[in-house]
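Look at the chain shown below and follow its parts in turn.

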Amino acid sequence: MKASSHAQTALITGASSGIGATYARRLAARGYDLLLVARNETRLRQLADELTAAHRVRVDLLSADLEQHADIEKVAARLRSDEQITLLVNSAGIALNGSLAEADLDSTHSLLQINLLALTMLASAAAVRFSLGGGGAIINIGSVVSLLPERFNAIYSASKAYVLSLSQSMHAELASHGVQVQVVLPGVTRTEIFERSGSSLAQIPPGMVMEVEDLVDAALRGFDQGELVTIPSLPDSSEWHALTQARLQLAPNLSHNQPAARYL
C-alpha cells in the first residue's frame with residue numbers, strides 16, 4: 001500500500017461496517033492514514049483496498065476480537081507505541097434485545113466487554129500517550145439512549161450512559177493537556193447492529209431512522225467545532241445546553257454533608 005504524506009493516523013474500532021466503516025471513508029477523504037480494527041478481516045481488507053485506491057492513504061489492518069482481553073491489550077499496546085496515531089475512534093459496540101430479566105449471561109458479558117471494558121482500556125491507552133505528547137483526539141460513540149434509559153433495553157442503555165459519563169470526565173481531565181474528547185450520541189441509525197441483536201428497523205417509523213453517512217457527517221461537523229457532546233438527531237442544540245446547565249446547577253446542592261429535609 002502506498003503511504004500518504006499525511007503524518008496523522010486514525011485508529012478506528014468496529015471498522016468493518018456501519019459507523020466505523022463510514023468514519024474510515026470520511027477520514028481517508030480528509031487525508032488521514034488509517035489503522036482499522038475489527039474481527040472480520042475479509043471486510044477490513046475490502047475496505048482497505050477501496051480506500052487506498054480512492055484516496056492513496058496508508059491503511060493498516062489489525063484483526064482483533066474486543067471480547068477477548070488479549071486482543072484488547074493488543075490494540076492498546078499499538079495505541080501506546082505508535083506515535084503516528086493522533087485520533088482514536090471508539091466505534092465498536094453491540095446491542096441486546098429484550099428485558100434485563102430475559103438477558104443471558106454470555107450475551108450480557110459480551111456487551112459489557114465490548115461497550116465498556118474495551119472502550120475504556122483503549123481510551124485510557126490513548127489518553128496517556130496523547131496527553132504526554134500534548135495533542136490528539138478521542139471520539140467515543142455513545143447513544144441517545146443514555147438520556148432516555150426508560151425506553152430501551154436496560155443493559156445497553158446503561159452501557160451507553162457509562163460512555164457519556166466517561167467521556168465528560170475524560171474531557172475534564174485531558175483538555176488542559178491539549179487532548180480533544182468528543183462523545184457522539186446517535187439516535188436510530190441504519191446499521192447492522194439491529195439485526196445482530198435480534199431486532200429490526202421494520203417497526204420503527206422511517207422518519208426516525210438516520211442514514212449512517214448523515215450521522216457521521218454531522219458528528220464530524222461537531223468534532224470540527226470542538227463539541228464535547230454531539231447529538232446529530234437533536235434539531236435544537238440549545239435544549240442540550242439547557243439540560244447541561246441545569247445539571248451543573250445541581251452541583252452545589254449535591255455537596256452538602258447533611259441529609260436534605262424531606263416533606264410529606
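Thr13, Leu66, Asn90, Ser91, Ala92, Ile114, Ala118 and Leu119 line the largest cavity. A cavity is a set of points, on a 1 Å grid over the protein atoms alone, where a 1.4 Å probe fits but cannot get out, and lining residues have an atom within 4 Å of a point. This cavity has a volume of about 40 Å³, a volume being the space filled by probe spheres set on the points, which are joined across faces, edges and corners. The structure holds one cavity of 30 Å³ or more. Helix α4 (residues 105–133) gives the most to the lining, with three residues. By class, the lining has five nonpolar, three polar and no charged residues; Ala, Val, Leu, Ile, Met, Phe, Trp, Tyr, Cys and Pro count as nonpolar, Asp, Glu, Lys and Arg as charged, and the others, Gly among them, as polar.

The model is predicted: local features need pLDDT of at least 70, side-chain atom pairs count only at pLDDT 80 or more, and totals for chains, interfaces and linings use all residues. Residues are numbered from 1 along each chain as its sequence is written, and side-chain values use heavy atoms, with hydrogens and water left out.

Strands β1 (residues 9–13) and β2 (residues 33–38) pair in the parallel sense over five bridges. Strands (E, at least two residues) and helices (H or I, at least four) are DSSP runs numbered from the N terminus, and two strands pair if DSSP finds at least two bridges between them. Seven strands form an open, parallel sheet in the order β3-β2-β1-β4-β5-β6-β7. At its edges, β3 (59–63) and β7 (229–230) each pair on one side only.

Helix α2 (residues 41–55) packs on the sheet, touching β2 and β3, and its direction makes about 175 degrees with that of β3. Contact means heavy atoms within 4.5 Å; axes are lines fitted to C-alpha atoms, for helices over the stretch in contact, and angles run from 0 to 180 degrees between N-to-C directions.

Which residue forms a salt bridge with Glu50? The partner is Arg25, with the closest N and O atoms 2.8 Å apart. About 370 Å³ lies in the second largest pocket.

Note on methods
1 Å grid on protein atoms, 1.4 Å probe; cavity = no way out; pocket = protein on both sides within 12 Å on 5 of 7 lines; lining within 4 Å. Salt bridge = Lys/Arg side-chain N within 4 Å of Asp/Glu carboxyl O.
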